[in-house]
Amino acid sequence: NTIDHLIGIMVEFPEEVTDNPNTSGNGKILLNSLDSMPEVLERCDGFIADPPPHNLNYFSDQMLAVSNYFENVSNGHQIFTYTIIDSIYELPSLMSEYGQTEIDLTQAFIDAVNIAADSVGNYFTSNSIVVAFHAGVGQDFAVPFIDPTPYDLSSAYIDEEMLSTIEIPENIESFLSNGGILLPETQNHIYYNVIEDIFYDETDFCDYQIGITGTFALLLGYAIGLPPLYNTDTGDAGVGVFGLMDHGSNNGRGIIPSPPTAWSRIYMDWENENLVDITTDGIYTIDTSLIYKIKISDNEYFLIENRNNWIQYKADMDSLRLKNKIDDYHLGHWIDTFIEETNENQFSQSNSGVITSISNYNFGLPGSGLLIWH
């Protein structure tokens with residue numbers, strides 16, 4: 001099936017009466033506004049990514065952000081519609097009980113779909129995928145030293161193999177035909193005390209923020225059939241920051257994920273009209289909107305693309321952060337600099353505070369120039 005519809009459900013856990021130090025938060029979705037969280041405002045006096053309240057509008061805007069990303073990088077071929085169900089459901093087990101093994105993670109997703117089954121049934125078609133947003137942050141990024149919260153839930157594309165490990169209630173089997181996605185309400189540790197344990201000698205946490213769009217886009221990439229471009233056994237990078245299906249998902253602090261590689265976009269039939277076969281000698285101007293293919297043997301070819309990360313003429317994020325430096329030892333904060341130096345045509349931000357679209361998803365790349373793929 002072609003997946004083109006997202007159904008979001010919001011889930012939380014029984015409240016931790018005594019705080020479990022192995023998880024972030026108390027099991028509940030953050031519904032207070034930022035103004036009522038003075039400790040967060042003390043950690044960063046600049047832009048706060050993915051701010052609470054994490055309510056219906058917030059999650060709807062997260063789905064809008066990932067939908068805008070795919071529409072942009074696919075040249076309009078991959079369009080998602082989306083629905084968010086207007087209820088917060090409580091799962092039967094504590095967060096820490098779902099965060100220990102892959103089977104437990106799968107169980108969290110199954111419990112979420114099961115508890116929301118009546119509402120999901122109102123919107124589900126054969127082209128839908130269910131996205132369960134749960135309370136807390138994702139266990140998705142390596143921390144510098146010892147991980148203080150090992151039982152936070154890893155984000156996941158819940159595939160057939162994972163689903164086969166668990167007995168699935170019959171009434172929801174059809175809702176799992178395209179797998180599912182498990183995501184946290186935020187990837188931004190700034191809302192939780194644990195950030196002070198992770199970066200214990202830091203006082204300014206503005207540059208440790210991560211948006212959720214990158215993780216969401218990566219997992220949705222799996223769901224629609226984009227192959228991973230890293231070593232899935234070891235986690236070692238393949239194409240690194242230059243493609244969505246590797247570290248590039250986290251470019252631009254997770255707010256500006258990299259477009260998929262040229263090969264991936266051709267594989268998905270998103271670039272047929274933009275593919276130029278070079279078969280004769282000559283001088284070619286490499287246009288940023290096209291991909292060039294040079295055959296070098298019967299089963300081998302180069303793909304060439306021209307990627308440009310300039311935000312202003314000849315100025316990318318590195319040079320603009322230098323221009324906005326805090327002092328001689330600290331560059332300008334990444335997201336603050338981006339917002340300061342862009343214009344209204346280069347990004348959109350919703351009323352909920354979510355950055356919902358970027359005019360050029362190459363802005364998060366570390367440089368500009370030709371990428372030659374072999």
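**Pockets, a helix pair and a loop**

Q: How do the residues of the lining of the largest pocket divide into nonpolar, polar and charged?
A: Sort them by residue type: Ala, Val, Leu, Ile, Met, Phe, Trp, Tyr, Cys and Pro are nonpolar, Asp, Glu, Lys and Arg are charged, and the others, Gly among them, are polar. Here the lining has eleven polar, nine nonpolar and five charged residues. Bear in mind that this is a predicted model, where local features need pLDDT of at least 70, side-chain atom pairs count only at pLDDT 80 or more, and totals for chains, interfaces and linings use all residues. Numbering runs from 1 along each chain as its sequence is written, and side-chain values use heavy atoms, without hydrogens and water.

Q: What is a pocket, and how is it told from a cavity?
A: Rolling a probe the size of a water molecule over the atoms shows where empty space is left. On a 1 Å grid over the protein atoms alone, a cavity is a set of points where a 1.4 Å probe fits but cannot get out; a pocket is an open set with protein on both sides within 12 Å along at least five of seven lines, and lining residues have an atom within 4 Å of a point. Points join across faces, edges and corners, and volume is the space filled by probe spheres set on them. The largest pocket holds about 920 Å³.

Q: Which residues lie nearest the centre of the largest pocket?
A: Look at Ser155, Leu218, Leu219, Tyr222 and Tyr230, out of 25 lining residues. Two or more lining residues come from each of helix 4 (102–115), strand 4 (156–158), helix 6 (160–163) and helix 8 (213–224). Helices (H or I, at least four residues) and strands (E, at least two) are DSSP runs, numbered from the N terminus. Helix 8 gives the largest share, five residues.

Q: What is the volume of the second largest pocket?
A: About 640 Å³. Its lining has 33 residues, with Asp207, Tyr208, Gln209, Arg253 and Trp334 closest to the centre. Helix 7 (194–198) and helix 10 (317–323) each supply at least two. Helix 10 has the largest share, three residues. The lining counts 16 nonpolar, ten polar and seven charged residues.

Q: How many cavities of 30 Å³ or more are there?
A: One. The largest cavity has a volume of about 40 Å³. Its lining is Phe47, Ala49, Asp50, Gln62, Thr213, Ile255, Gly353, Val354 and Ile355. That makes five nonpolar, three polar and one charged.

Q: At what angle do the axes of helix 2 and helix 8 cross?
A: Helix 2 (residues 56–73) and helix 8 cross at roughly 60 degrees, their axes coming within 10 Å. Contact (heavy atoms within 4.5 Å) is made by Gln62, Met63, Ala65, Val66, Tyr69 and Phe70 of helix 2 with Thr213, Phe216, Ala217, Leu220, Gly221 and Ile224 of helix 8. Nine of these are nonpolar, three polar and none charged.

Q: Where is Pro53 found?
A: In the loop between helix 1 (38–43) and helix 2. Most residues other than glycine have a negative phi, and most peptide bonds are trans. Here the bond from Pro52 to Pro53 is cis, with omega near 5 degrees. Asp50 lies in the loop between helix 1 and helix 2 too, and its phi is positive, near 50 degrees.

Methods:
Axes are lines fitted to C-alpha atoms, for helices over the stretch in contact, and angles run from 0 to 180 degrees between N-to-C directions.
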